[in-house]
Amino acid sequence: MRFIAALLVFAFHAAYEFPFRDQGIGGDYSRAVADAGALGVGFFFVLSGFVLTWTARPDDSARRFWRRRAVKIYPNYVVAWIAAFVLMVAAGEAVTASAAVPNLLLVHAWVPRANILFSMDDVSWTLSCEALFYLAFPVLFLLVRRIRPTLLWPAAGLIVVVVLVLPLVAKLLPASPLFVTTPVWRLWLVYMLPPVRTLDFVLGMVMARILQTGKWIRVGLGPAVVLVAIGYYISLHVPNLYTFVAATIIPIALVIPAAAAADLRERFSPLRNRVMVWLGEISFAFYLLHRLILKYGHIALGRRRTWDTAPAVGLILLALALAITAAWLLHVLVEKPAMRRFAVSKHTRPAAPAEPAGAGPAVIGPAGARAAEPSRSAPAGAAPEPVGP
């Protein structure tokens, strides 16, 4: 599921390059994937909260948790930051310390200025949100665990209500400057401000607890996927500020536990094969690199160049293949060695917590801990890599 979401993000950014000479076809493609990136972001933010809650260990410490997350994320991120720096200089683009340094420190999503929000590897603002999620998770986990099972669905509903109200609040913010067609301040509040996007993360945590405590309403994976498609269609036809999160937050919150529940019952899933699992494993690296390949690959071929439909489609597929290859190299050469070397300290002691109600068979988690398996569509026990547009 991670790679499918990442592929949606790729499709969205491919439209940014507008490679089609036929403006009718290019326009149709752009409209079709207009909200695909936002859907991918919402999915991964909710997924992060869900899987981290599902695999959490009662004997784990905040320090060990933060260590694993930092080692998982930051080495890849630094490599992508360096790649962005080199490509920007080669393309003659300005690199300013006021934008590059906050980006490197993962605090750039806190600043409502387009040149900082979308600086360097411009998809990296989601990592700034994830950094807050990880910092807050030990406390958020304790709070969510205290919610009585009978109140979990009302808690999820309350989060959704806040998400639906936020676009109305955003209209109180300045209408300029614009980022493309959306006021930057309003876009920032609804879509990019880390504390606001923590709502998605906490919703994922609550949905994990709903499944763990046996309160799941047994929505099937097929119907949940249909709901996602309906939510996406709605996102293409509602006012702009509702397209980013509000239109798809409910389907996303349902499809993730539906997939996990289907796996726990060992029902058929096309996502369990080795290829899909492998693509899921490299999805974080894919996310970090795909935008750089699309953007600077286009610049290398001609900054404003367009092509007939068949060559344009071929170039998009070539960029996809290059992004997958580059992601595999980053995963093998940086991510996996860093995890082997630094993710588990010598003081980490494996432990087997009691399985939550309704949990499937225990599996080995990323730090040697045992945890209930949330899904066979992803590596057993693995915490999700944050990806998004």
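Mentor: A residue counts as buried when its relative accessible area is under 20%, as exposed when that area is over 50%, and as partly exposed in between, using a 1.4 Å probe and protein chains only. The model is a predicted one, in which local features need pLDDT of at least 70, side-chain atom pairs count only at pLDDT 80 or more, and totals for chains, interfaces and linings use all residues.

Let us look at the loops. Helices (H or I, at least four residues) and strands (E, at least two) are DSSP runs, numbered from the N terminus. Met120 sits in the loop between helix H6 (114-117) and helix H7 (125-145), and its phi is positive, about 55 degrees, although Met120 is not a glycine. With a relative accessible area of 7%, Met120 is buried.

Further along, the loop between helix H8 (152-170) and strand E1 (178-179) holds Pro177, which is joined to Ser176 by a cis peptide bond with omega about 0 degrees. In the loop between E1 and strand E2 (182-183) we find Val180, whose phi is near 60 degrees, a positive value in a residue other than glycine. Val180 has a relative accessible area of 63% and is therefore exposed, whereas Met120, at 7%, is buried.

Technical notes. Residues numbered from 1 in each chain as written. Heavy atoms only, no water.
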